[in-house]
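Hi there,

Here is the structure I promised to pass on. Have a look, and my notes follow below.

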Amino acid sequence: MSLKLIDVSGLVTIQDSGRKGWRQFGVPTSGPMDAFAYRAANTLVSNPTDCAAFEIGLGDATFQATQDCVIAVTGAGYKLSIYVWEFPLWSSFFVRAGWKISLSKTDNGMWAYLAIAGGIQTQPMLGSRSTYLRGALGGLKGRQLQSDDVVNIGYLSHSSYELAARTFPERAWPAYIQTPTLDVIMGPQTNYFTNESIQIFLSNEYSVSLTSDRMGYRLEGPALTRRNETELISEGLIFGAIQVPSNGQPIVMMADCPTTGGYPKIGTVASADLPLLAQCIPNKSKIRFRETTVAKAQKRHRALISGLNKIVENE
Amino acid sequence: MKFQPKIVPLGDSALLIQVGDEIDITTNQHVHALAALINASPLEGMIETVPAYGTLLVHYDPLILSFRRLRDYLSEKLTQVRDNLSRKRKQIEVPVRYGGEHGVDLESVARHCQLQVEDVIRIHSEKTYTVFMMGFTPGFPYLGKLDDAILTPRLETPRTRVPAGTVAIAGSQTGIYPIDSPGGWQLIAWTPLQIFSPQSESPFLFSPGDEVKFIVEE
């Protein structure tokens with residue numbers, strides 16, 4: 001079976017849990033911007049949590065089912081309609097052949113995930129179906145999806161009706177908000193910055209620049225100054241790392257983060273808060289940072305992920 | 001050389017082993033020896049390692065491993081690195097054609113270094129280089145170090161498209177563009193070898209730590 005794209009104005013890509021094991025060769029992991037919403041969508045339709053799903057951002061997208069299927073939509077910043085009805089996100093639905101599934105952009109988030117029972121079955125590249133646009137790897141021919149694209153879906157091993165009408169309760173979502181305070185593990189190059197700069201970073205608001213993309217969110221706010229002009233030689237990077245180039249405006253590395261980078265890093269956003277950051281809106285959201293420890297960040301991450309078991313079966 | 005690496009967190013799902021903070025062959029060899037040692041006996045929950053000039057980044061799954069547990073395990077490994085330094089490294093010969101349509105900066109490099117073009121070719125192809133690290137685009141090898149006689153800064157304005165297979169230099173380094181991509185290095189030669197073949201069993205021609213020698217083709 002398959003799902004067809006009828007109309008696309010947004011950035012629609014295929015993403016799974018990421019391309020692992022190739023970073024030493026310079027291949028980014030890619031994967032979803034909001035990994036929690038992505039996993040929740042798969043969980044709602046009983047897919048393995050690393051199954052490929054659609055990521056929709058920046059604009060609208062309409063899909064059409066070619067056969068009866070069960071889908072789930074999660075994330076933030078989108079309104080969902082199926083056939084003639086509107087539905088809330090974070091639920092699974094039975095969709096009849098021919099029905100249209102429309103996702104239209106609203107102003108309270110950035111990314112939505114559409115998982116389909118059986119999972120997307122495109123050709124994996126370097127062990128993953130995730131799309132890495134700059135390297136033209138994965139997904140559908142390494143590119144974003146366009147109108148009239150048809151994407152194959154895997155077959156279901158059990159009755160699909162059972163998977164429909166399930167809801168993921170709001171209390172188990174990340175606390176999406178337009179004024180988040182994000183936990184940060186400071187370092188490893190905190191000593192490149194003046195003490196005043198570290199205080200500025202931890203006590204001021206930053207907004208997301210319009211030039212942000214899946215690779216990085218550029219922040220705008222009070223500039224961070226360096227102690228001296230000592231250059232850092234390139235070293236490994238990770239989703240969430242906050243690099244500070246010489247203009248003093250931090251850049252948080254996101255899902256398509258390059259494997260290495262040469263700007264000093266003042267800190268790294270805690271995994272549990274990356275979904276909140278991903279859903280921040282350029283020129284609108286106001287972000288603050290708060291120092292945390294690795295142990296606390298890991299504990300919060302475990303708590304968030306264990307919430308994935310809290311699916312409510314409606315009917 | 002002193003070998004006293006520090007292990008520091010990079011967020012809650014990676015840690016950085018800091019071996020040195022300069023572009024230096026000995027430091028870098030320690031990094032690759034360490035990577036080989038760790039990857040030969042990974043701890044459950046370790047995802048992958050990323051070697052760079054003077055650091056090794058270890059990605060791990062924080063749902064399986066805590067920072068503390070991984071740090072203690074790696075600290076133990078660090079004591080064994082010296083014995084691992086003598087391992088054999090893969091040597092790769094890369095046939096190249098200098099100058100011409102793909103080596104468009106060869107003459108300006110020669111002028112900058114106050115050398116003849118033939119001298120630049122001889123000096124660049126004489127040395128055996130180490131793949132210090134990979135990055136920038138999938139499969140791009142950062143090779144070093146160049147002979148001081150041909151050090152040339154990167155271009156002031158990067159090119160929007162450099163063809164795959166182009167050999168370039170910048171600062172004390174040389175590299176090969178694996179795919180068509182933008183690039184700010186000085187282009188001096190071209191190789192017909194496929195540097196990155198995503199569909200192949202072994203997609204990458206180079207691995208970090210390999211040795212590379214350029215062979216002049218007429």
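In which sense do S5(B) and strand S12 (residues 186-190) of chain B pair, and over how many bridges? They pair in the antiparallel sense, over 2 bridges; two strands count as paired if DSSP finds at least two bridges between them. Helices (H or I, at least four residues) and strands (E, at least two) are DSSP runs, numbered from the N terminus. In this pairing B:Tyr98 stands opposite B:Ala189. Strand S5 (residues 91-98) of chain B also runs parallel to strand S13 (residues 211-216) of chain B, joined by 6 bridges, and there B:Gln91 stands opposite B:Glu211.

Before going on: this is a predicted model, where local features need pLDDT of at least 70 and side-chain atom pairs count only at pLDDT 80 or more, while totals for chains, interfaces and linings use all residues. Residues are numbered from 1 along each chain as its sequence is written, with chains lettered from A and ligands numbered from 1 in the order in which they are written.

Chain B is assigned domain 1 (6-84) and domain 2 (91-216), with bounds from an automatic or database domain assignment. Their centres, taken over C-alpha atoms, are 28 Å apart. In domain 1 of chain B, 7 residues are in contact with 8 residues of domain 2 of chain B (C-beta atoms, placed from the backbone, within 7 Å). Helix H1 (residues 25-40) of chain B gives the most to the domain 1 side, with 3 residues.

Over in chain A, A:Ala115 touches residues including A:Ala41, A:Cys51 and A:Ile71, not counting residues up to four places away in sequence.

Best wishes

Terms used. Contact = placed C-beta atoms within 7 Å.
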